[in-house]
Amino acid sequence: MSLLVLSVLLLAPGGAAPALDAAVRCYDELDYACAEERLAEALASDLTSAQRQLARLHDALLAVAHRDEARARRAVRALLAADPTFEPGAVPPRLRALIEEERPPPPPPPAPLAGLGVLGLPLFGQDGDRWSDGLGVRGSAGVLLAGAWFVEAELAYSDHLGQGLAVEGLTLWIGSLTGGWRGAIGPLRLAGGLGLGAARAAADGAVQDETYWGAVLSAPIDLSYPVWGRFGLGVRVSPAILVRPVDDQAAASYLLPLTAGLRYGD
């Protein structure tokens with residue numbers, strides 16, 4: 001909202017706090033001492049959001065008039081914190097320059113994310129007694145939003161050998177959708193979130209094969225390092241629990257997928 005529009009709206013009868021009304025009129029009459037005094041009164045009073053925006057703008061205008069750049073920057077930052085798109089209208093060139101210098105950059109546009117890596121999948125408890133740790137591959141694709149939040153779909157495959165005579169092997173597919181936060185720590189990129197998906201296991205038995213489905217809840221943590229352009233190398237650990245029905249009851253398997261490979265989007 002421009003200075004002209006703010007003034008027309010707020011200086012209409014009953015539209016502004018009296019002290020702010022007086023401060024604006026004193027400024028327009030180049031009576032800066034009066035404007036300072038009445039503006040201080042206005043800022044200490046209960047103002048609406050639009051009135052406080054007008055008061056902050058006149059705080060910046062007075063600071064520029066007094067060539068107090070530190071004060072002007074503080075006022076401009078307060079203006080832009082309330083409204084990053086604020087447009088002041090007709091103001092001194094120095095104030096307009098300060099507003100553009102202090103205006104926060106717009107959030108980055110959505111950016112693609114992808115990953116492909118070698119997967120190691122250790123098994124624990126009864127699962128570890130029946131099957132060996134698995135080896136496979138994991139692929140993912142997603143989008144980075146506002147430079148900080150991601151949504152990602154992933155598909156993982158692992159192959160396991162049987163640990164006894166009754167079983168020969170197991171293949172496990174896990175598909176999930178993950179969302180979370182992603183940020184930088186120095187040159188590294190750290191991401192963490194929560195994922196929900198489904199798993200399909202196919203076990204080859206000595207006598208009979210078995211296929212079953214389950215639900216998977218995971219909490220992945222990903223660390224990567226950019227190496228060229230938007231490509232990087234990374235590692236990912238994704239503690240997960242797989243729940244499936246067994247004899248009308250829920251049986252749980254605990255998984256710790258470990259992935260190392262190539263990342264795109266760093």
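Predicted model: local features only at pLDDT ≥ 70, side-chain atom pairs only at ≥ 80, totals over all residues.
Residues are numbered from 1 along each chain as its sequence is written, and side-chain values use heavy atoms, with hydrogens and water left out.

**View 1. Helix α5 and its cover.** Helices (H or I, at least four residues) and strands (E, at least two) are DSSP runs, numbered from the N terminus. Helix α5 covers residues 69-82, and its 14 residues should span 20 Å at 1.5 Å a residue; the end C-alpha atoms are 20 Å apart, which agrees. The expected span is 1.5 Å times one less than the number of residues. Buried residues (under 20% relative accessible area, 1.4 Å probe, protein chains only) of α5 are Arg71, Ala72, Arg73, Ala75, Val76, Leu79 and Leu80. Their cover includes α3 (32-43), α4 (49-65) and α6 (93-102).

**View 2. The largest nonpolar core.** A nonpolar core is a set of buried Ala, Val, Leu, Ile, Met, Phe, Trp, Tyr and Cys residues joined through side-chain atoms within 4.5 Å. The largest has 29 residues, of which Leu20, Leu57, Leu61, Val76 and Leu95 touch the most other members. Two or more residues come from each of α2 (18-28), α3, α4, α5 and α6, and α4 gives the most, with eight. Leaving aside residues up to four places away in sequence, Val76 touches (heavy atoms within 4.5 Å) Ala60, Leu95, Leu98, Ile99 and Glu102.

View 3. A salt bridge is a side-chain nitrogen of Lys or Arg within 4 Å of a carboxyl oxygen of Asp or Glu. Glu102 is in helix α6 and Arg73 in helix α5, 29 residues apart. Arg73 counts as buried because its relative accessibility is 19%.

**View 4. Glu152 and two arginines.** Glu152 meets Arg138 in a salt bridge of 3.5 Å, N to O, and Arg236 in another of 3.6 Å. Arg236 lies in strand β8 (residues 231-237) and Glu152 in strand β3, so this pair ties together parts 84 residues apart in sequence. Arg236 counts as buried at 6% relative accessibility, and Glu152 is buried at 9%.

**View 5. Thr259 in its strand.** Thr259 lies in strand β11 (residues 258-264) and, at 5% relative accessibility, counts as buried.

Technical notes
Buried < 20%, exposed > 50% of the residue type's maximum accessible area, 1.4 Å probe, protein only.
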